[in-house]
Amino acid sequence: KESGLVLPKDTISTYLYVVGTMGMGDSFRMTTTTTAGDDEKKDGSSESSISEEVVTYHDLAMKPTESSISLRVKAFASKGDAKTAQELLEAFKKTIGDDVDNKEAIRLRTYLPILKQYCESKDVGAALTVYKQMQSISTVILEPENYVLLLASIAENGYFCRNLPPIEGISDLDLNSESGPELFDELVSEMADDVLEISSASASRLHNALATGFKERPENKLKEMHPLASMPVSRQPAESDEVVACRISLDRSSGICPVTEAQQRLLVLEPSQRRQLHDDLLSLSREQFSKFAGKRDDETPERAAEELQKFSDWLDGRDGEPFTAILDGANIGYYMQSFDKGRFNYHQIQFMVDTLEERGENVLVVIPHKYGYNSFYTSKTQHQQLDAAEKTIMNDLLRKKKLYKVPPRCLDDFYWMLASVSDQVTARKGVDISVPNDDSSGRWPGVRPVLISNDQMRDHKWELLEPR
């Protein structure tokens, strides 16, 4: 920078990427001699990070980007200056809005340091303001931990207690409640639109935050627990206005919480939503295939959609019992296999098939094409040969038509997702295959088919949803 040298655009972008992966807290420090300035040290030197130097050079030589602004926001937030970080981000947003050719998209990583700093400094009103700004931007996808961060911060400061004055600045936000349990209900309802579950660590964090915020209140019986301890399980009915935060054993027949007597709701897709998901998967398969196949002359994106449609037609046209459980074969086969000499394990798939069939389910296993052979590469350097027992499992599933091999270069995720919403027209014969609460055979109640996978579908779930 001092020499006046202008580096090529690609070189600057590479430096920016490298320092971005380092994180502001891990950046190398550099000391420069100065003669004046508020940040001057006693010896006449000031310290700045290489990350900040690279970002400054980038923004002087080129236009600021979401990546460079994200690093500058992190730098301000790490120094406790969330207000300046927020002002910088808002100015960048205005620049994007004024430039019709600017395709920059602001992401979670840019807003999150500001939200965290406001929560840590107990500025709940400012944290809620940033949260609402994040909600208004379609490219900022809030994770469960982000919601828990905000809820825990508000809870620790006691703002979910009754008869408290409004949170400062909350009247300017798109919220119906200004404090108290009503605000908690409103925020959790918003969280429920994006989040199906929170982790055990997040649950413990919320428990302790509520215990802290309600500490001096008569309705509180919560006690802080060790962060690594398991959430307590309770079946004790709560008293009127009692604060509760615990795990429960839900009544299978009624879906009623034994502690609060709240009726749990079953989330199902309406027929129109199932059709929409089906069509979206076909569209996404084209996009994914284009990225994967590149510019191969012998492949077109339409092949991916055609193959997926063939699978859909097969599900609708096949005779026999409808499938009631769809297995993500690759996910199950590799479960707990991330160790040296770990392998794609057909025995794990067989165990899952046997367990589900014992419970009255009819199973379909979906696997990528290469795993349907006696030998295959599990990575660029690792080759796996199936043993006799594994070959028997694979061939038995193929013979019973319980194993579907996804065509080469097609993404298996789309296949097991589509199978989970397929109408299976011929096999179902118009009959609802859901399992009622009072099923005499003891099957787990709920909609069918069920999907067995621990894949969180982070790569796809936001692409399948309509914009906010």
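Predicted model: local features only at pLDDT ≥ 70, side-chain atom pairs only at ≥ 80, totals over all residues.
Asp123 belongs to the loop that links helix 5 (108-120) with helix 6 (124-135). Glu168 is 45 residues away from Asp123 along the chain, and the C-alpha atoms of these two residues are separated by 9.0 Å.

Strand 4, made up of residues 363-368, is mostly covered, since six of its six residues are buried. Val363, Val365 and Ile367 point one way from the strand, whereas Leu364, Val366 and Pro368 point the other way, and all of these residues are buried.

Strand 4 pairs with strand 3 (residues 325-328), to which it runs parallel and is joined by four bridges; within this pairing, Leu327 stands opposite Val365 of strand 4. Strand 4 also pairs with strand 7 (residues 403-406), again in the parallel sense and over four bridges, and here Tyr404 in strand 7 is the bridge partner of Val366.

## Helix 13

Helix 13 covers residues 346-358, and because its 13 residues at 1.5 Å a residue should span 18 Å, the distance of 18 Å between its end C-alpha atoms agrees with expectation. After the helix comes Gly360, which has a positive phi, near 90°.

The buried residues in helix 13 include Tyr346, Gln348, Ile349, Gln350, Val353, Thr355 and Leu356. An α-helix has 3.6 residues a turn, so residues three or four places apart point the same way. Among the elements that cover the buried residues of helix 13 are strand 3, strand 4 and strand 7, together with strand 8 (450-452), helix 12 (329-333) and helix 14 (388-399).

## Cysteines

A disulfide is a covalent bond between the sulfur atoms of two cysteines. With a cut-off of 2.5 Å between cysteine sulfur atoms, the count of disulfides comes to zero. Cys246 is in no disulfide, and the nearest cysteine sulfur, which belongs to Cys257, is 6.8 Å away.

As for accessibility, Cys246 is partly exposed because its relative accessible area is 29%, a value that lies between the 20% limit for buried residues and the 50% limit for exposed ones. Cys410, by contrast, counts as buried because its relative accessibility is 11%, which is under the 20% limit.

Key
Residues numbered from 1 in each chain as written. Heavy atoms only, no water. Helix = DSSP H or I, 4+ residues; strand = E, 2+ residues; numbered from the N terminus. Buried < 20%, exposed > 50% of the residue type's maximum accessible area, 1.4 Å probe, protein only. Pairing = 2+ DSSP bridges. Expected span 1.5 Å × (residues − 1). Contact = heavy atoms within 4.5 Å.
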